[in-house]
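Let's take a friendly walk through this structure, one piece at a time. Have the picture open as you read.

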Amino acid sequence: MKITSAMKMVSAAKLKKAQDAIQSMRPYSEKLTEILQNVSSSLSQDENPYATERPAEKVLLVALTSNRGLCGPFNSSIIKGTLARAAALKGANVQVFAIGKKGAELLSKTLNVVEREVDIWNDISYENTDAIAEALMTGFLEKKWDRIELMYNQFKNAAVQIVTNEQFLPIQIPESKGSSGDYIYEPNKEEIIKELIPISLRTQLFKAILDSNASEHGARMTAMHKATDNAGELRGDLSLEYNKARQAAITNEILEIVSGANALEG
């Protein structure tokens with residue numbers, strides 16, 4: 001109980017920092033993604049290779065799990081979601097990029113894990129995420145994969161994490177809802193494609209990693225809180241059993257003493 005209580009306190013302290021990070025990042029990322037989608041809708045596929053739709057023959061699922069356990073259904077929900085998504089992609093060559101030790105170990109038993117990254121959770125930063133995003137974008141442009149999807153836990157609160165399947169590439173063009181307006185490109189379209197679109201994709205992946213990090217600490221804090229409560233109940237039950245056994249032993253000793261004394265008097 002002392003161990004689980006200590007782990008709960010550690011996760012609670014880490015959760016505050018992780019929660020502040022994702023809540024600050026989410027509005028920026030969502031707005032940048034919205035701008036990216038609107039700009040992409042006004043560009044042709046030749047102008048924007050990141051929005052090129054191809055038959056999904058080779059699909060990469062990027063599964064975000066943790067390096068450690070004892071966090072409730074946090075890892076198992078992603079693993080089950082990844083397996084279900086792979087089963088739904090019938091006829092496609094499904095590969096997995098496992099970010100996190102737990103996902104890499106368990107998914108490799110049933111799916112083709114072609115890449116794995118476990119050190120990102122030791123130092124979460126935009127720079128470290130950038131290398132992963134660059135590898136994904138390069139693989140898509142080189143037609144190594146026709147579609148890339150993210151599987152991660154979206155942070156809602158400490159007790160609730162939402163398993164999310166999000167398309168990373170190609171960029172999803174929103175359905176037309178009337179005129180989206182004409183864009184004036186400054187300096188030019190080529191600069192936008194070269195700078196804005198890659199930055200937006202890197203930000204999208206970074207947001208998913210921050211979401212997953214906050215969800216992990218929230219799930220672990222909740223799991224350890226329940227474990228501490230269960231240990232407290234178990235301690236109470238064991239204390240009751242111990243006291244009953246102790247009282248029974250004392251009663252037996254008293255009976256033996258009384259019986260001995262009666263025998264001597266007799």
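## The sheet

In this predicted model, five strands come together as an open sheet, and their order across it is β3-β2-β1-β4-β5. The pairing is mixed. As background, strands of a sheet pair through backbone hydrogen bonds, in either a parallel or an antiparallel way.

Which strands lie at the edges? They are β3 (112–117) and β5 (161–169), and each of these pairs on one side only. Going from one strand to the next, the twist averages 25 degrees.

## A pair of strands and a helix

Look now at strand β4, which covers residues 147–155. β4 and β5 pair in the antiparallel sense, over eight bridges. Here you can find L150 standing opposite E166 in β5.

Helix α2 (residues 74–88) packs on the sheet. The strands that α2 touches are β1 (58–64), β2 (93–99), β4 and β5. The direction of α2 makes about 150 degrees with that of β4.

## A closer look at Q95

Next, find Q95, which has its place in strand β2. Is Q95 buried or exposed? Its relative accessibility is 14%. Buried means under 20%, so Q95 counts as buried.

What does Q95 touch, leaving aside residues up to four places away in sequence? Its contacts are V59, L60, L61, N112, V114 and W145. With W145 there is also a polar contact: the side chain of Q95 meets the side chain of W145 at 2.8 Å.

Definitions and conventions. Residues numbered from 1 in each chain as written. Predicted model: local features only at pLDDT ≥ 70, side-chain atom pairs only at ≥ 80, totals over all residues. Heavy atoms only, no water. Pairing = 2+ DSSP bridges. Helix = DSSP H or I, 4+ residues; strand = E, 2+ residues; numbered from the N terminus. Axes fitted to C-alpha atoms, helices over the stretch in contact; angles between N-to-C directions. Contact = heavy atoms within 4.5 Å. Buried < 20%, exposed > 50% of the residue type's maximum accessible area, 1.4 Å probe, protein only. Polar contact = N/O pair within 3.5 Å; in protein donor to acceptor, adjacent residues only side chain to side chain.
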